[in-house]
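Work through the exercises below with the sequence and the model open. Try each task before reading its solution.

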Amino acid sequence: MSAADTLATGDARRIALAAQGFGEPRPREIGPAHLARCIQRLGLLQLDFVNVICPSHYLVPFSRLGPYPRPLFEEVVYRGGAFTEQWAHEASIIPMDTWPLLRDRMENHRARPWGFDEIMRKHHEYRTTVISEIQARGPLAPADLPDPTHTGRKLPGSWYGNVPRAMLEACFGRGQLAVTARRGNFSRVYDLAERVIPSRVFTRRIHPDEAERELLRAAARAHGIGTATDLADYFRMKMSAARPRIAELVECGDLCEVRVEGWRETAFRPLDAEWPRDINACALLSPFDPVVWFRKRTLRLFNFDYRFEIFIPEAQRRWGSYVLPFLFGDTLVARVDVKADRKDRLLRVSAAFLEPAADAAGVAAALAAELRTLATWLGLDGVHVGRRGNLARALRTEAAG
């Protein structure tokens, strides 16, 4: 491999950020096409409804586009016909054309964390009831379904809580049902998959090997540059399946092998991946943003050791409960523990930490401006910064200005 095939980490970082949509300025006015293009570029949008600030899948496009109209999300994702939900990275919004690429997974799906086989065994008659009700009445949520005749509605000790939800989730995971909407309480509304997925997509059959190649192509486009482990993680593919498919993509010229300084593994880059000289981003990132969700990659690209500590006991947390990394230029320069206080109408920053070698004054000014933009988008009146962290004082001064 020649010297020209070895990239500096900074080059790899800019390629990766450009692939994720951070190589372009935010649009002044944001319409449906901007949001649709953002999600298409990412290849998937992981769903997470932890509402400390707002559900993560709303925040990911905000990081790239800025303050888009919130109703636009439901319009584009659930009424536009270009996207649907399915298990991909985790539970995710995906482009409609990705649905048949996941068919093999759907056919072998086992509902989590309560096994599909056990649901079917205990409630096999109720599955017929669920499908019949939806077929006759149209899209339904768990609350719309009748109670099981013999077993009772509740599932004590189960994450799903009740039989209707468990059955709907299991049938959704198997591709028999598809999500057609989300209600105000975020509950899924399900319909028969053949009535949600367009016929040209629903009837498309793809060999599992080709489906894996297509998923890895999509992962490579979304990464810009990444190791085999990175690419496999994007759609949660087993390495034993991913490695031969990646080798085939290299052989056919879709990917090229490159070295990145400091990386132990070989990296792969689409031949047409954008390679900008600079990135001028200014964005807070969700814990479930593709830029940071694979922590080993985040450490390699940014030298940023990121941990999501919401499930860690408070006394053991180092950074905070719901910590967002702050991307400034092409570098992760800070992290802030943030919460939307809807009662007092404030965006509360309980802690702010500056990364080593970052400029406190410049970071504080940019971060304060982005926090104010986020607060306004959330319908809050202002930003309140606490005293914890080595950036808190400078940030508090800028936020008050």
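**Exercise 1. An edge-to-face pair**

Does F311 count as buried or exposed, and what is its relative accessibility? Then classify its ring pair with F308.

Solution. The model is predicted, so the steps rest on computed values.
- Step 1: F311 has a relative accessibility of 71%. Exposed means over 50%, so F311 counts as exposed.
- Step 2: F308 has a relative accessible area of 17%. The cut-off for buried is under 20%, so F308 is buried.
- Step 3: The ring centres of F308 and F311 are 6.3 Å apart, and the planes stand at 90°. Planes over 60 degrees apart count as edge-to-face, so this pair is edge-to-face.
- Step 4: Look at the surroundings. F308 and F311 belong to one aromatic cluster with F288 and Y322.

**Exercise 2. A stacked pair and its charges**

The structure holds 14 aromatic pairs. Take F62 and W377: what geometry does this pair have? Which parts does the pair tie together?

Solution. 
- Step 1: The rings of F62 and W377 lie 4.6 Å apart, centre to centre, with 25° between the planes. Under 30 degrees counts as stacked, so the pair is stacked.
- Step 2: Place the residues. F62 is in helix α3 (residues 56–65), and W377 is in helix α14 (residues 360–377). The pair therefore ties together parts that are 315 residues apart in sequence.
- Step 3: Check burial. F62 and W377 are both buried.
- Step 4: R26 has its charged end over the ring of F62, 5.6 Å from the ring centre. R70 has its charged end over the ring of W377, 5.2 Å from the ring centre.

**Exercise 3. Strand β9 and its partners**

Which residues of β9 point one way, and which the other? Which way do β7 and β8 run against β9?

Solution. 
- Step 1: Recall the rule. Side chains in a regular strand alternate between the two faces of the sheet.
- Step 2: Apply it to β9 (residues 267–270). A267 and R269 point one way; F268 and P270 point the other way. All four are buried.
- Step 3: Take β7 (residues 226–227). Two bridges join β7 to β9, and the strands run antiparallel. T227 has A267 as its bridge partner in β9.
- Step 4: Take β8 (residues 255–260). Four bridges join β8 to β9, again antiparallel. E257 stands opposite F268.
- Step 5: Inspect the hairpin of β8 and β9. Six residues lie between the strands, and G262 takes a positive phi near 90°.

Key. Residues are numbered from 1 along each chain as its sequence is written. This is a predicted model: local features need pLDDT of at least 70, side-chain atom pairs count only at pLDDT 80 or more; totals for chains, interfaces and linings use all residues. Side-chain values use heavy atoms; hydrogens and water are left out. Buried means under 20% relative accessible area, exposed over 50%, partly exposed in between (1.4 Å probe, protein chains only). Two strands pair if DSSP finds at least two bridges between them. Rings of Phe, Tyr and Trp (its six-membered ring) pair if their centres lie within 6.5 Å; planes under 30 degrees apart count as stacked, over 60 as edge-to-face and the rest as tilted. A charge sits over a ring if NZ of Lys or CZ of Arg is within 6 Å of the ring centre and within 35 degrees of the ring normal.
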